Amino acid sequence: MQTVEKQTIGNTIAQLRKEKNMTQAELAQKMGVTDKAVSKWERDLSLPDTSSLPKLAQILGISVDALMQAQLNKQEQPTGRKAEEIVHLALQGVALAMGVAVAVLSFMGQIQADSAIGMLGIGLACLAIAQLSQKSEK
């Protein structure tokens, strides 16, 4: 049995299942669940029921503690990539909001040209920052 540091519980389940030359369907049958449930576990889309962890650990030849350690390690991993995606979407959202606001306020005759230009400038700046940050990540 090998476990890799900072590995998710899903990766651990998949790795140990494969080491035992077991298919997802075979593991599912032994656990009394569907093969789709096992697939979701291995892709970290869901977790096994806590009451079934001892049985799963026994089938995979690992302790419950070692199995749960993978989940703890997953939670400790930095989420920098997610934060970057959220910031990118927020910048695009601000740009879109500025454009829509200028269009609506212009249609209603409730905005002056200098205010509209300022708002569109903010929107364009947000789009530029989003583009530049995306290019620097590649």
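Val-100 lies in helix H6, which covers residues 80-107. In this predicted model, Val-100 has a relative accessible area of 46%, and because buried means under 20% and exposed means over 50%, Val-100 counts as partly exposed. Together with Leu-96, Val-104, Phe-107 and Met-108, Val-100 makes a nonpolar surface patch of about 570 Å².

Nonpolar residues also come together in the interior. In soluble globular proteins, nonpolar side chains tend to be buried together. Here the largest nonpolar core has 16 residues, and those with the most contacts inside it are Ile-13, Leu-27, Leu-56, Leu-60 and Leu-67.

The largest share of the core, five residues, comes from H4. If neighbours within four places in sequence are left aside, Leu-27 is in contact with Ile-13, Arg-17, Met-22, Val-38, Leu-56, Ile-59 and Leu-60.

How confident is the predictor, and which elements have the lowest and the highest mean pLDDT? The protein chain averages a pLDDT of 84, and 85% of the residues score at least 70. Among the elements of the chain, helix H5 (residues 64-76) has the lowest mean pLDDT, 66, whereas H2 has the highest, 94. Over residues 1-5 the pLDDT is below 50, although this stretch has 10 contacts in the model beyond near neighbours in sequence.

Notes:
Residues numbered from 1 in each chain as written. Predicted model: local features only at pLDDT ≥ 70, side-chain atom pairs only at ≥ 80, totals over all residues. Heavy atoms only, no water. Core = buried A, V, L, I, M, F, W, Y, C linked by side-chain atoms within 4.5 Å. Buried < 20%, exposed > 50% of the residue type's maximum accessible area, 1.4 Å probe, protein only. Helix = DSSP H or I, 4+ residues; strand = E, 2+ residues; numbered from the N terminus. Contact = heavy atoms within 4.5 Å. pLDDT = per-residue confidence, 0-100. Patch = residues over 30% accessible without salt bridge, like charges linked within 9 Å, V, L, I, M, F, W, Y side chains within 5 Å. Areas by Shrake-Rupley, 256 points an atom, 1.4 Å probe, with all protein chains shown as cover. Salt bridge = Lys/Arg side-chain N within 4 Å of Asp/Glu carboxyl O.
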